[in-house]
Amino acid sequence: DSAVTACIAVAALGRGNVRGVSLPSQFSSQHSLDDARALAEKLGIQYDVVPIEKAFETVKGQLQPVFAGKPEDTTEENLQARLRGVILMAFSNKFGSLLLTTGNKSEIAVGYCTLYGDMAGGLAVISDVPKTMIYRIANWINREREIIPDSSITKPPSAELRPNQCDQDSLPPYEVLDAILAR
């Protein structure tokens, strides 16, 4: 989703007007970090890395007395998404840029997104594009040469908010979900 959104932004605005930001946590896989950097290099866009692990641990620590005795759940997962939203909006404010959200129609339709997190931004570029079509668009973008790293297209989709997380832990396969949504 992020890769397709970045490619659309470069096509619409030019590479000099697009900035990629990686916000890794302790749950971010090395292949995701490598893919993000490779995409930014292939697109020729500015690329920044702002780790969120320290901020995440600080917020969890501040909440620990109130949450004592409660097991970790989606609350902590959503904290990460919301920290990313705060940082991305800070970039937007500081540099006078528009933050593009990367949620696709499939995930938005079933609420598989975080309010004030990955939904933060001023323009939802792919919000009316089903996930299965995102894959077709990614392959179309790569029709002449690899721009989006192939592993970004072929690996199981994951929000990477907990160890070994996959979207299909919470959702049906996107082919099934998109067929339901189309009906």
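Close-up 1. Met119 is partly exposed, its relative accessible area being 39%. This value and those below were computed from a predicted model. Met119 is placed in the loop that runs between helix 5 (105–109) and strand 4 (123–124). Together with Leu115 and Tyr116, Met119 forms a nonpolar patch on the surface. The accessible area of these residues together is about 340 Å².

**Close-up 2. The aromatic pair of Phe91 and Phe95.** A search of the whole structure finds 1 aromatic pair. The centres of the rings of Phe91 and Phe95 are 5.8 Å apart and their planes stand at 45°, so the pair is described as tilted.

Close-up 3. Phe95, with a relative accessibility of 49%, counts as partly exposed.

**Close-up 4. Arg19 over the ring of Phe95.** Phe95, a member of the tilted pair with Phe91, also has a charged group over its ring. The charged end of Arg19 sits there, 4.2 Å from the ring centre.

**Close-up 5. Arg143 over the ring of Trp140.** Here the charged end of Arg143 sits over the ring of Trp140. The distance from this charged end to the centre of the ring is 3.7 Å.

Definitions and conventions:
Residues numbered from 1 in each chain as written. Predicted model: local features only at pLDDT ≥ 70, side-chain atom pairs only at ≥ 80, totals over all residues. Heavy atoms only, no water. Patch = residues over 30% accessible without salt bridge, like charges linked within 9 Å, V, L, I, M, F, W, Y side chains within 5 Å. Areas by Shrake-Rupley, 256 points an atom, 1.4 Å probe, with all protein chains shown as cover. Salt bridge = Lys/Arg side-chain N within 4 Å of Asp/Glu carboxyl O. Helix = DSSP H or I, 4+ residues; strand = E, 2+ residues; numbered from the N terminus. Buried < 20%, exposed > 50% of the residue type's maximum accessible area, 1.4 Å probe, protein only. Phe/Tyr/Trp six-rings, centres within 6.5 Å; stacked < 30°, edge-to-face > 60°. Lys NZ or Arg CZ within 6 Å of the ring centre and 35° of its normal.
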